[in-house]
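Here is a short report for a reader meeting this structure for the first time. Look over the sequence and the model, then read on.

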Amino acid sequence: MTLVLEGVRYRYAGARASALDGVDLVVEAGRVTGVVGANDAGKSTLCLVAAGLAPGVIGGHLAGRVVVAGVETTQARPHELAQRCGILFQNPATQLSGTAATAWEEVAFGPRNLALPLDEVVERVEGALAALGISGLADRDPGRLSGGEAQLVALASILALRPACLVLDEPTSQLDPHGTRLVGEALGRVARELGAAILVVEHKTAILARLANEVVVLAAGRVVRAGPAAEVLDDAQLEGLGVEPPPSVRIRRALRVAGVALPAAAEDVLTGIGA
Amino acid sequence: MSAVPETGARASRPAVVLDDVVFTYPSGVRALDGVDLEVTAGETLGIIGQNGSGKSTLVRHLNGLLRPASGRVLVHGEDVAGRHVAEISRQVGLAFQDPDRQIFAGRVRDEVAFGPRNLGARGIELEAAVAEALGAVGLNGTADLNPYDLGYSRRKLLAIASVLALRTPIVILDEPTTGQDLHGATRVREIVRGLVAEGRTVLAISHDMRFVAETFGRVVVMREGRIILDGTPAEVFSEASWPILASSYLEPPLAARFGAQLALGSTPTEAALVEALSARG
């Protein structure tokens, strides 16, 4: 059990209300859990708490326990946490170090700080860039990348650390459909091949339908739905919870509402291209 | 080309013209490589393309933030060359992709008021512009908060409100649905429809193909600094265009792909798909 949240309540410093109000969640090694919910449901807060940045770096009050790869976040030193859990922020502009002259150096920043031998740094950097299809950006200035390119470089810098646990806050928000697909495939491989536990916040439910094993729905700081991805993403209450169902679910519903029955062959086509 | 019905005298006037526009960043990246584009007043244009294809660079030419290395940019018939950004911003409002590069004020109210105040609005008129813009994006009640007390998705809506408050005839939104939940995305659609109903010209960059297909009358596809497809959603997402879309790593909305597999013709939206299936019975 790589990432465990038990009875987690979290209140930002100075806030009266809890942003997380009793969250229980387990992500096993090699599994991907998707997190969906309306704006302000607590998704980004959940990321900060799961990675130990809250309360560790930003303060606030935490009740309950958060355990990452065997260490409790409130007990661990920053470097112990950073080696266990990589976090990708929602806005890549706030993630990039601002100190690297090239995207290659940006991605190398973390592995270098782990004091890895140079050939392993090279292998990890180039592996991460290749996995996301951005080897061509290696020599570019990170400060002059487009929004989507910056997001991929920021994600590569986390993948290069090869942490046991990955916490990703909307990793594809600024990506084109191709980049989105590459990120989905890369995360799937990281879970399967490296055994990472991945917690990923996404508004694009189509990517979760492909990638996630489990999906949880947050509302007002609580988990209000949790279960296998296909089941939760087909929940009739999803829209009421501020979450857009995947396109294949939407189309099936629209056809039902219009009273159009899909022939079995068409049903198979939709299942094939919709997944 | 345009799917938007042209009504009245103003509709035939081009709001924006790009004439063989070339732009190269100091790094040497040639972001625009000869772009020709004419957008009619009152038209809605969705701009799609891979990351780094030149979409954001293109729209930054329309309010003078960037100037072409060669070629011309006309807004309402006037060349932007030699005109100051402040002057162009009476005609063109641009909401950035990253709200944090746009937001600078310590209070939501001041952020939204900054633009109209600079354009000369004062007193009740200024208050009204702020209230209307915040209402349009659903941020009423946040006027006295610090923008950074809002989450990312609401800061994004705030950036859009700041542009709406300028009441410009041309509105440009760079990836407006990014980071929005279902309600936020629905809100963005309503904002665009509202602007269209007022006869304003709306351009938006988006990676959300369903949003583009459902919201815009015309779609252009960019690749490597050029426009490679230009037409209605039904044309751009039709099966005939798929090889071109694929060459740019773009995928039509699921409704279009499903419709094509069932030989229903071009069904870029879920509504069009349901209609075509109903008609077939």
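This is a predicted model: local features need pLDDT of at least 70, side-chain atom pairs count only at pLDDT 80 or more; totals for chains, interfaces and linings use all residues.

Residues are numbered from 1 along each chain as its sequence is written, while chains are lettered from A and ligands numbered from 1 in the order in which they are written.

**Chain B overall**

Chain B has 11 helices and 10 strands. These are DSSP runs, numbered from the N terminus: helices are H or I with at least four residues, strands are E with at least two. The radius of gyration of chain B is 19 Å, close to the 19 Å that the globule rule gives for 281 residues, so the chain is as compact as a globular protein of that length. The radius is taken over C-alpha atoms, and the rule is 2.2 Å times the number of residues to the power 0.38. Along the principal axes, the C-alpha atoms of chain B fill a box of roughly 60 × 45 × 40 Å. Of the 281 residues in chain B, 53% are buried. Buried means 20 or more other C-beta atoms within 10 Å of the residue's own, exposed means 12 or fewer, and partly exposed lies in between; C-beta atoms are placed from the backbone.

**The sheet**

In chain B, four strands form an open antiparallel sheet in the order β2-β1-β4-β5. Strands pair if DSSP finds at least two bridges between them. β2 (30-40) and β5 (78-79) of chain B are at the edges with a single partner strand each, so one side of each has no neighbour in the sheet. Helix α1 (residues 55-62) of chain B packs on this sheet and touches β1, β2 and β4 of chain B. The direction of α1 makes about 125° with that of β1(B); axes are lines fitted to C-alpha atoms, for helices over the stretch in contact, and angles run from 0 to 180 degrees between N-to-C directions. Five bridges join β1 (residues 14-24) to β4 (residues 70-75) of chain B. B:Val22 stands opposite B:Ser70 in β4(B).

**Where the chains meet**

The contact takes 40 residues from chain B and 39 residues from chain A. Two residues are in contact if their C-beta atoms, placed from the backbone, lie within 7 Å. Elements of chain B giving two or more residues to its side include α5 (152-164) and α11 (270-280).

**The core**

The largest nonpolar core has 171 residues. Such a core is a set of buried Ala, Val, Leu, Ile, Met, Phe, Trp, Tyr and Cys residues joined through C-beta atoms within 7 Å. Among those with the most contacts inside it are A:Ile198 and B:Ala161. Beyond its neighbours within four places in sequence, A:Ile198 is in contact with residues including A:Val27, A:Leu166 and A:Ala191.

**Backbone details**

Most residues other than glycine have a negative phi, and most peptide bonds are trans.

A:Arg162 lies in the loop between α6 and β7 (165-169) of chain A. B:Tyr249 lies in the loop between α9 (242-247) and α10 of chain B. The peptide bond from A:Ala54 to A:Pro55 is cis, with omega near 5°.
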